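The sequence and structure are shown first.

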Amino acid sequence: MHLSILVSAPSLLLLPTPSRLSSGPFFACPSSLGVSKISSPLAMRRRRTAVPPTVIRSPAAVGESRSTAAGEGQDENRVLPDLGTLLRRFWKVAAPYWSSEDKVQARLRLAAVFALTLGTTGISVGFNFLGRDFYNALANKDQEQFTKQLLYYLGSFAGGIPFFVVRDYARETLSLRWRSWMTGYYMKRYFRNQMFYKIQSQSIIDNPDQRIVDDLSSFTGTALSFSLTLFNAAVDLISFSNILYGIYPPLFVVLLVYSLGGTAISVFLGKDLVTLNFLQEKKEADFRYGLVRVRENAESIAFYAGEENEVQLLLERFRRAFENLKQLLISSRNLEFFTNGYRYLIQILPAAVVAPMYFTGKIEFGVINQSVSAFNHILGDFSIIVYQFQAISAFSAVIDRLGEFDDILDGSKSYIPEYGNTEKINIQFQDEKIPTSLGSNGSVPKAGCRRLLEIQNLTLQTPRSGHILITDLSLDINDQDHLLVMGPSGSGKTSFLRALAGLWTTGAGNITFYMRDAGQVQTSISADTNSSKPMTSLKKEEQLESSENRRARGVFFLPQRPYMVLGTLRQQLLYPTWSEDIIFPSENSQTTGSLPLLSELSRPADESIKPKKPTVDDLIHVLEVVRLGDILSRFNGLDSIYEWSSVLSLGEQQRLAFARLLLSKPKLVLLDESTSALDGTNEAHLYRQIEAAGITYISIGHRKTLYNYHNKVLHISKYNSRNNTERNWYLESINPTTAIEEANSAF
C-alpha cells in the first residue's frame, strides 16, 4: 500500500487484489472488479465527523481513564487477543442479526449476494477460455477467428459487467440493512438500565460513541466483504485448479509452495499490526473527544483564559496518535517490502514455468495467457492473508473493540468493577397508600396524606472505591412533606439523590416509591443484567422497564445544570416526558427495501402512563409562569433551533427546567441545587409554583433561605470511619419561626 493511500484512505476503500490484474500482453479478466475486495488497512481510519459522546457530569468519575498515565500504560501493554477469542467475539457480534425479526430478509439477501458471486465466478471462468482462444487467433494471424473472438469478448463484457455491479450493490445494501439493525440493537442495550451512565461514571471503556458509529459501520461492511472473499476464493479454487492442473501439474505445486511460504512470512512481519490498529482507533477518538469538550465548554475556557493550556493538552493527545501512527506506518512499510515483491514476481513466474513447453510446441500461445490467468486466480485465493493482512489486522481491531463493548453491555463482571460488599440497594415501586402508623422517622402522618417515599436502613457507598457516605438512613416522605437536605461539601448529598434515582446502587437497604399504577414492581439495579439477547426477546423486558421508569411513575429529577437537548425550544419544554410527533411507518406499510428497526428506536412503549401532551397555549403559559415569556420573541417562537446551553444563561436554563417540571406534573421531584443560579425573588417564586401545583419536593442546597420552602431538614455529615457505630445524619422538623430566623441569619 502506498503512503497516499495510508494517509487519506476513504471510507471502506476496497482494493482489488493485484495478482488478478494481468500485465503485459495478457488480457485481464473482470474478476478484478471487486470480487475479492476487503477494506484497506488504514481505511478503518475513516474521515469521521466528530460525534459528541455522552457526557455525564458526575464527580463519581475520578477522571477520564483515557487521559491518565495508568490508562495509557495499560493500553500500551495491551495483550493481543488470541484467534479463539477473536472468533468468539466475531460470532457474538455478528450472529444476533441473522436470527432477528429481520432474519428472512437478511438471509434471502445474503443468498442473493452469494448467488451473484457464484455467477461472477462463472463469468470469470468463461473469460479465461475466451482469452485463450483470443490470443490463439492473434498468434495464428487468423483474422476471421480474431474478429469472431473479439465480438464474443465485447458481447461477454456487455452481458457480464452488470452482474459485477449488481453484486456489489446488493452487498452494500445488505451491509446498510445490517448496520441499521445493529445500531438499534446496540443503542437499546447502551441505554438499558442506564448502562451509558455506568460506563462513563466508572470509566469502564473509552469512546463508546465511536464504537457505535464507526466500528459498527466498519464491521458490517468488512464482514460481508471478507465473507464473500472467502466464498469466492473457495469457488475460484475449485474452478481454476482443474484448469491449471490440466495445463501443467508442476505449476500447481509451485503455486502451493509460493503461497504457503508467503503467508507464513506475512504473519511474522505483521504480527504487531492488530495492536497498533486498536490503539490508533482509541488515540484518534481521544483527540477528537478533546476537541468536542472544548466546544462544549467554550465559555468556561474563555473565562479562565485557558486557551494555551487547552492547546497543550490537545497537542499532547495528538502527539500520542501521531507516535502510534508512525509505528503503524513503519510496520506497514516493512510488510509492504515483502508483499510488493510477492505481488509482482508472480506476473512472470507462471509464464517462465510454462514457456519451455511453448518453445517446444507442446502448447499454443493462448495457453500461456490461460495459465497466467488461472495461476493468478488460484494464488489470490491461497494468498488472502498475504494481500489483505493489513486490512485483516485492522478488522481484527474492530472485532476486538466491538467484542469488548458487547461484553460490557452484557454486564460482564470482568469489566464492571465490584468493590467490597456486592449487595445492592433495592428499589421498589408500589401503589399509592395512606400510612396508618408512625413513620420510620417517628413522624405522625396527617390524616389523608399519602406516602410517596419510604427509605429503610439505607447505607450508601461510592461505586468506585466503596467509600461509605451514609449509614443506616430511614425516613418517610408523605404528600407535601418538603424535605431539605443539607451538609458540607463531599458529605454525600447529591449521592443521596443518585441513590433515589437508581444511578448509584452500591450499598444496602430499601427504597420504595408509592406512585400511581405502580403495581408491585421490584428492581435491584445491577450490572449483571444480560443484554445480549436478540432484539425480539428484549422487547417485553424493555416495555416492563419503561413501565418501571421513575419519571413515568411520577418522580422527576432536576440537576443543578439542566440538560439542554439538541432541538427546538418546544423540544426543550417537552423533554423528557414527551417527544415531538414522529410519523412511524406501520408494519403493513414497510417495504422490503426499508431499513429495519430505525423507526422503532423512539417509539413510545406505553403512552397511556404519560400525562396529556401540552398544547401550544400550555407551553406559552408555562414560560410566562417561570418568567421566561420574553424568550419567544428573542428566539422567534417555539420551533427555533439553537445551541440552548450556550445562548441561555444558567439561570434561564434552570427556569426552563422548572417549566418542564410544571408541565410534567410529577408527584415527587428531586432538586439538586436547582435554583443555585437564581436570585432570591425568582427562587421563592418557583418554589411557590411547584408547591401550588401539588408537587412534593426534596431539595439539596446550602442557602439558609431554603428553610422558608421546606418543613423538614435532613442534615448529613461526613462519615467518620473511626466511629462507625454512630449515624452521620439526623432529621428535624422546620417550624415557621425557625425558618424565619435561618432566613434572616443568611443576610
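The sections below cover the basis of the model, a pocket, the annotated segments and helix packing.

## Basis of the model

The model is predicted, with local features requiring pLDDT of at least 70, side-chain atom pairs counting only at pLDDT 80 or more, and totals for chains, interfaces and linings using all residues. Residues are numbered from 1 along each chain as its sequence is written, and side-chain values use heavy atoms, without hydrogens or water.

## The second largest pocket

The second largest pocket has a volume of about 620 Å³. A pocket here is an open set of points on a 1 Å grid over the protein atoms alone, where a 1.4 Å probe fits, with protein on both sides within 12 Å along at least five of seven lines; lining residues have an atom within 4 Å of a point. The volume is the space filled by probe spheres set on the points, which are joined across faces, edges and corners.

Of the 22 lining residues, L83, L86, L87, I392 and S396 are the closest to the centre of this pocket. Helices α3 (83–98), α7 (208–247) and α14 (384–409) each contribute at least two residues to the lining, and α14 provides the largest share, seven residues. Helices are DSSP runs of H or I with at least four residues, strands runs of E with at least two, numbered from the N terminus. By class, the lining holds 16 nonpolar, four polar and two charged residues. Ala, Val, Leu, Ile, Met, Phe, Trp, Tyr, Cys and Pro count as nonpolar, Asp, Glu, Lys and Arg as charged, and the others, Gly among them, as polar.

## Annotated segments

An unreviewed UniProt entry places the feature "transmembrane region" at residues 110–130, 150–170, 216–235 and 247–269; such annotations may be inferred rather than shown by experiment. Residues 110–130 are 100% helix and 0% strand, with end C-alpha atoms 30 Å apart. The span 150–170 is likewise 100% helix and 0% strand, and its end C-alpha atoms lie 30 Å apart.

## Helix packing

Helices α3 and α5 (residues 143–191) pack at about 105°, with axes 10 Å apart; they are therefore roughly perpendicular (65 to 115 degrees). Axes are lines fitted to C-alpha atoms over the stretch in contact, and angles run from 0 to 180 degrees between N-to-C directions. The contact (heavy atoms within 4.5 Å) includes W98 of α3 and W178 of α5. It comprises 11 nonpolar, no polar and one charged residues.

Helices α21 (residues 650–664) and α22 (residues 680–692) pack at about 10°, with axes 11 Å apart; they are therefore roughly parallel (under 35 degrees).

Terms used: Parallel < 35°, antiparallel > 145°, perpendicular 65-115°, else oblique.
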